[in-house]
Number of protein chains: 2
Amino acid sequence: VGCLGPNSVDRVLAWIDEGIHRLEGEEATPREAVGRVLADDIRAVRPVPPSDSAALDGYAVQAYQTLGASSYNPIELPLIVVAAGDALSEGMDAVVPLEHGEPDPAGRVVVVEAVAPGGNVDRRGTAVAAGAALISRGTQLAPRHIGILAAACVTRLAVIRRPRVGILLAGSRRPGAEGDSDGPMLCALVERDGGIVLDLAAVDRSRSALSDALTAGGFDIALVVGGTGPGRDDMAAAALAAAGELAIHGVALRPGETAGLGRNAGGIPVMLLPGTPAACLWSYELFAGRAIRRLAGRDAGLPYRSHIMTTTQKIVSSIGITEICPVRCRPRGGVAPIASFTEIGLMAAVDADGFVIVPETSEGYPAGTPVDVYLYDDR
Amino acid sequence: VGCLGPNSVDRVLAWIDEGIHRLEGEEATPREAVGRVLADDIRAVRPVPPSDSAALDGYAVQAYQTLGASSYNPIELPLIVVAAGDALSEGMDAVVPLEHGEPDPAGRVVVVEAVAPGGNVDRRGTAVAAGAALISRGTQLAPRHIGILAAACVTRLAVIRRPRVGILLAGSRRPGAEGDSDGPMLCALVERDGGIVLDLAAVDRSRSALSDALTAGGFDIALVVGGTGPGRDDMAAAALAAAGELAIHGVALRPGETAGLGRNAGGIPVMLLPGTPAACLWSYELFAGRAIRRLAGRDAGLPYRSHIMTTTQKIVSSIGITEICPVRCRPRGGVAPIASFTEIGLMAAVDADGFVIVPETSEGYPAGTPVDVYLYDDR
């Protein structure tokens, strides 16, 4: 069954990008939509401000009545206090700033400086015209967007549906080992990338049990964890081939060599992740996570910021395989490699400040090389 | 009542940093703890791996029995298939890689290369020794940390409690204006910063109603929105003075001049935010958000990455006031200012790719100046 041998990371990424696209939109309120991706452009339902409004705190007036006002010629007018943002009442067309007026005990205001028509007034629609484009399709909605939506009376909007992710843990004879580590870690990763974990199910590590589970469906993408290794362990690839199409199995990625992917008979993408925790993490980050981020309409790239930094020690890697190299930032700048995922497993992801992806064409970098470092930002 | 006039932004930040500290810890499971900040160092409960384990897929053997094995001298041994990560059974001390053994129909394995004791074995505790330090106090737990916690049998850990945030919207005579925009926006901001919105309550804009609400308590921090302006609008400061201590009112920040802060009689911090949406946003981002991030144990700084970028046009600002200047990235690099918050309110936060904070000592920057730009990363 389609064990296609080592594929380049680029080939896997191309398969994902060509065949996996954003899901359809669904309706949400602005608050529900924070962190989600807009499925449509948003337009203002009403202008902002909705009517002529005070631009600052002061006294609403009819401008012509202030003509000639000065401290030598104070003019008494009806007292209409307004705060910045208040709608002006009918007939008022200017605002006298607080410091140019003085309320008097008779309930009037004494104005000592003239104001022009429209002075200190935000005209209806100045910030946003009615029907104006507010936020574009594809934007991931942030808290700062929420205020203007309320101001422009946008109460429902279309956001990309959250991908429903089925996670199938191919049963292991090692209680407390990979199943325990991979399941909770993957749930947290899927949620970070905008997915909903529909099902975290342990399935017998047998071709038929896995194949049945993949056929069941109900998800937008399935992750099969474990059962990808060579030898007796290679159940996941066979099960996927039986349940649909095994497109790729075996990737020139370390950790993550035994990852694979394809589709079930319903065309739903299925990602095969190794059970070894570090390999599970990295085949998720590069492949499964990318697929989920694409389904959710997010940026498909790794959700870490990257920076060019200089190596303070040699980074060693093998030609022909893409390697994830955990690194630590040095107190005086630059980065140095630390014990690899092969040596200390997931502990490398805990000890590191970030990582370098050494492509398959490279055998690493001597000390003093500028490299692209993805940084963890949590300490 | 303590209207202390314009205070520098630095003075407000110093007040926050001196008096507002992380809350106490509470217990959580690793999954609940993702995104939260560790209140204590975490130590491994058991070593990883918990026993000597296969480092790769192959056949578990007693190394001495493979002595002299070669393709000319194949040695038949009991068949014990192991996958990477499997615990070795009693007495086994090495793993023959898949390619150096061949299972035979009699249920034995034919080994064609010798392996040394400990060969291809990860010894108990290689990745993590029992009791070893795993993750330090103060780390914000990320998905990549979760796997090792499971592997090391850490099932409960101490995380900083989520700050409970009371939001009091000082009632306005402008239905559909500031209350509508500020409430949902603040809820989203508080959640982003690790807080829980305990209560989003509209309160009469009267000194006594606000003062009563501030006395009620039940929160770790309260945000009062609106009622901070000069003139008849200045209820919030008076209410806080009556309910406890008004420490600062009036800040040299634009937008956000009328922000203030203090404590209620119970010592709980109270932040006064202007009701004008843009001023509400920025006094939240710089002051209230900082306080909440500190309570939650997070990095107190603005949760945006910053980059040095070059201005392609002049940025104008007033001496004596810290100004938030929205900017857009130019297609050929650099940033240019766009219509300000004073001109288009919150729409500036939507149109911008980020912002520059121009300190009160500066009157802006000519074109071609390198400036620190905080970038929104959502498109």
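This talk goes through a few local features of a predicted model with chains A and B.

Some ground rules. Residues are numbered from 1 along each chain as its sequence is written, and chains are lettered from A and ligands numbered from 1 in the order in which they are written. The model is predicted, so local features need pLDDT of at least 70 and side-chain atom pairs count only at pLDDT 80 or more, while totals for chains, interfaces and linings use all residues; side-chain values use heavy atoms, with hydrogens and water left out.

I start with strand 19 of chain A, residues 269-273. Strands here are DSSP runs of E with at least two residues, helices are runs of H or I with at least four, and both are numbered from the N terminus. Is strand 19 of chain A mostly covered or mostly exposed? Mostly covered: five of its five residues are buried. Buried means under 20% relative accessible area, exposed means over 50%, and partly exposed lies in between, with a 1.4 Å probe and protein chains only. In a regular strand the side chains alternate between the two faces of the sheet. Here A:Pro269, A:Met271 and A:Leu273 point one way, A:Val270 and A:Leu272 point the other way, and all are buried.

Now the neighbours of that strand. Two strands pair if DSSP finds at least two bridges between them. Strand 15 of chain A, residues 221-225, pairs with strand 19 in the parallel sense over four bridges. Strand 18 of chain A, residues 260-264, pairs with strand 19 in the antiparallel sense, over four bridges. A:Met271 is the bridge partner of A:Leu223, and A:Met271 is also the bridge partner of A:Leu261. The hairpin of strands 18 and 19 of chain A has four residues between the strands, and A:Gly267 in that hairpin takes a positive phi near 85°.

Next, one loop residue. A:Asp193 sits in the loop between helix 4 (178-192) and strand 14 (196-203) of chain A. A:Asp193 is buried, with a relative accessible area of 1%. Leaving out residues up to four places away in sequence, A:Asp193 touches A:Tyr284, A:Gly289, A:Ile292, A:Arg293, A:Ala296, A:Arg298 and A:Pro303. Contact means heavy atoms within 4.5 Å.

Then a helix pair in chain A. Helix 5 (residues 207-216) and helix 6 (residues 236-243) of chain A pack at an angle of about 50°, with their axes 8 Å apart. The axes are lines fitted to C-alpha atoms over the stretch in contact, and angles run from 0 to 180 degrees between N-to-C directions. The two helices of chain A are therefore oblique to each other; under 35 degrees would count as roughly parallel, over 145 as roughly antiparallel, 65 to 115 as roughly perpendicular, and the rest is oblique. Helix 5 of chain A meets helix 6 of chain A through A:Arg207, A:Leu210, A:Ser211, A:Leu214 and A:Thr215. On the helix 6 side are A:Ala236, A:Ala238, A:Ala239, A:Leu240, A:Ala242 and A:Ala243.

Last, chain B. Three strands of chain B form an open sheet in the order 6-4-7, with antiparallel pairing. The edge strands are strand 6 (81-82) and strand 7 (94-97) of chain B, each pairing on one side only. Strand 4 of chain B, residues 58-61, pairs with strand 7 of chain B over four bridges. B:Val96 in strand 7 of chain B is the bridge partner of B:Tyr59.
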